[in-house]
Amino acid sequence: MPDEPDEQLTEPVDDSAEELYEHAPCGYLSTRPDGTIVKINRTLLDWLGYDRDEIVGRRTFQSLLSVGGRIYYETHYSPLLTMQGAVREIAVELIRHDGSRLPALVNSVLRVDASGAPVTIRTTVFDATSRRAYERELLAARRTAERSEERLAVLQQLVSDFTPAATSMDVSEVLVDKARRAVRAVASTLWLLAEDGSTLVRIAGGTPPHPLLLRAPRDAAMPHTQAVRRNEIVLLGSVEATRQQYPLIAELMVGAAREAVVFVPLSVGQQALGAVSFSFDQTHAIDDDDLQLLRTLGRQAGQALQRAALFEAESRLRHRAETLQLITGALAAPLDAAQVARVAVDRIAATLHFERIVFVLAGAVGPVVAAASGVSPAVLGSWRRDAGDLAPALSWPASNGAFFDLPEEHGAALPGLVDLPPEDRFGALAVLPLRSGTRSLGVLLLDRPAEHSFAAEERDFLRTVAAQCAQALERVRLHAEALERQQRAEFIAALSRRMDEAPGLRQRADRLVARLVPAIAERARVALLADRQLVTVSTSTMSHAVEAAATTRADPDDQPGEHVALALSEGTPQVAASATDEITETALPLRARGRVVGVLVLGLGRSRPDRDLLGFLTELAEAAGLALENGRLYDQERENGHLLQRGLLAGEPPRDPRVAVTSYYRPAGEDLEVGGDWYDVFPVGPDKIAVVIGDVVGRGIAAASAMGQVRSAIRALAATEPAPASLLQRLDRFVDRFEAGRMATVAYGELDLSTGRLRYSCAGHLPPLLIEPDGSKRFLWGGRSAPLAAFAGMKARTEDEVQLSPGSRLLLYTDGLVERRGRGLDLEMARLAEEAGRRSRAPQGGLLSDLAETMVDVQHRDDVCLLCVGFGVEPQFEREIAADMTRLKNLRDDFRAWLATLALSADERDALLLVCSEAAANAVEHGYRDDRIGVVSVRARVADGVVELIVRDRGSWRSPAATTDRGRGLALMKALMDGVSVERGVGTVVTMRRRLTSEAVA
């Protein structure tokens, strides 16, 4: 069925062009080039309220515009129309017949003739009234949002400023300064409620001219008190309105040229803690948004004030608690009443900040000023001569103290304080008797400035301080006795721990005597029974404590004194006066497991030890005897392990002045000292030695057995094979016969001592490290091949050679030194090279142990084996050691080895070794006073038949006391050397020379 035609489309349409023009939804007009209107439609005439004959030919288009529109027409509209031929959507205001304005958007087109001359301007006008209203609303909304955003930013910044404010003064600074500028006020004032809550006190801001603005009762008829009472903002919006209710404030506003003042309560919940006022001039009008911002600001400031008040209260309590704790802790240590007084005065002066502090003790014949602070020397001197003016304070019956806020109040009780010179007179005074029960121990006088008032909580705190001082005085005697017992017990316990930390007997004995001298005795000696002979193990004196302990040798032929023999036979302490000096010698038996194992002999610097001291020394000897016996058993077990280890490892290294050999072995476990790592050095000819290091897979007896077989095989093969590579090839066939030896690694080399030529080969082992005399180092990567009996894909064994220069060192090591879980091998090898290079001048005797301790931590669970071969005679001896007496042995060993390379007589060698040791020991003891950070350098050389020895330090020497037997080292050096010079400046340089005998030189 076909659609029926739309009825609207059937309506007759009578829209002629003229009708459309006249009644179009927009205005049309045509003007001449000068703007005269020649045609206008009815729509625009109706909008403007004109008749056609009032417009056409009589008015110009620009005459219908507002004044601003006309100017714009002349300066922009008309020139643009002439240049462009058209303008689009120009916003203008047309003036209606009744004078009102019509917002409009106009479009104009300029028609020209064939010659380009302007003919007509056709203009379309659109009513923009609705659009203009929308734009105004949008602009107003934007401005409102911007103001809201600005206020929010201001509030956020102020909240951020309040956050770190820890005290009320910090909060007040934010309020009267930052908040004032943030709300564009010209002035601000802050009031806070006093502690009792009845008074509002000005805290910050300008100084008001009226007393009620400084301090006002909470119920006063003032705007800031009203804001606090009602917890509401009080707005004084004009001077006239303010004059009716607050005439005083109105006069102040007129005088300061203020237009409005806002009083904002600083509230927390329903309670106001104070108020802040903001004054504004005529440049700022206060609206509801401003009031809302100020209301929020008041709540934030109130919360900040509450936090600050809690923080300040907590700080006061914490400060007083900490102060009391400091004073209590300080008073726990003093040993006598005078020390209690000094400590109490120092602590009170440092923490409580009193101007004057006087601590008076109740002496046997009267008061004694034991300590004071802030008192002039003249007054203090007169009191110490006669403190009678302070006697009344000792006799006061009140034990809770007396507090005087003004000098007049305490003048009657202590008139002597009023008679002092004006600059020394006391102001507000706290007099705190120090009592124990009914007995007066003393009195504590604390002086504040005259205007100070002692609050109740401060009085309670000071009474507590005084009570602590009294308790300290009372327990001095008991504390001294208990402290001595505790110190002796702690000394024995610490000594036992210190000895137990050392592994062997000798180390434990050395630690024992080192701890006893000079802490307990002037000298000490440990002697133990061995095969029914008394052998001195360690000894120490105050003059040469460590040196004597290091150089003492056992002498079984020495006959012990009678007191020592009695101590051994009877097992009881024996005391005998020494015939050589004024020191009492006490022999204490050392017991272990029910028997006497030795004796501890102490030289005490007193006539005879009393009973308490003798009991303490007996307990000490009992603990020491057990520790020494445990050390002896450890040595015995360790020696058994070493015997087994030495039987499996290398024998004695070859003795040749052209080479120095040192080794180091550290097992993976303390309970088993046998593993698969091994080394060996042995001669293979008159001028050649073999150096070898290896690692057999696994641990325990099987690995140790395989290691022993491989070592023996190498020794046997070295006698027949002329080259390292050939030796390893034959060793492959030998190792292949037993499973435990397969995959073992070996580094084997032969060093020609006459030329320094080293031929070497490595079967799967880590490369040796060559350290040159100048400290440079490099790994020897040549001559490498697979581990022993690794035949799969194995190529022929290769070897390499390198020339060693005199003074160089060859370091061979096993993988336990450099392999770490989670760390690259290349990094650890680079670290090894760096550490070894830094020790290129270190004594070879302690080099390997020091290097191992640096590279390997105590929890390492693998064997560590090192072998160091030092080749050739050093052209000169140069060493640096730390200022530590324990390092002297390594220095002596190295210097002895260097001297062995010289053609010296035995007397010359012993003399040089002795003066070197003496000079170095003096540098450590006198130059650095056992400061181990210091360094002692030793240099020796031979030139023209003269040995020159130089010992240098950079310490600060002290001269030996005249009453001691010290200072003989220099005399000894002068007696043994031909020339000795001492230069002192930044440290000390001792230069010694000795001409060698003709036989030695030859």
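Arg425 counts as partly exposed because its relative accessibility is 42% (buried means under 20% relative accessible area, exposed over 50%, partly exposed in between; 1.4 Å probe, protein chains only). The model is predicted: local features need pLDDT of at least 70, side-chain atom pairs count only at pLDDT 80 or more, and totals for chains, interfaces and linings use all residues. Residues are numbered from 1 along each chain as its sequence is written, and side-chain values use heavy atoms, without hydrogens and water.

Arg425 sits in the loop between α16 (415-418) and β15 (428-436). Helices (H or I, at least four residues) and strands (E, at least two) are DSSP runs, numbered from the N terminus. Arg425 and Arg356 are 69 residues apart along the chain, and their C-alpha atoms are separated by 9.7 Å.

An open sheet is formed by 5 strands in the order β13-β12-β16-β15-β14, with antiparallel pairing (two strands pair if DSSP finds at least two bridges between them). β13 (367-373) and β14 (402-404) stand at the edges with a single partner strand each, so one side of each lacks a neighbour in the sheet. Neighbouring strands are turned by 15° against each other on average, direction ignored. Axes are lines fitted to C-alpha atoms, for helices over the stretch in contact, and angles run from 0 to 180 degrees between N-to-C directions. β12 (residues 356-362) pairs with β16 (residues 439-448) over 6 bridges. Arg356 has Asp447 of β16 as its bridge partner.

Helices also lie across this sheet's strands. α12 (residues 337-351) lies across β12, β13 and β16, at about 160° to β12 (contact means heavy atoms within 4.5 Å). α13 (residues 377-385) lies across β12 and β13, at about 160° to β13.
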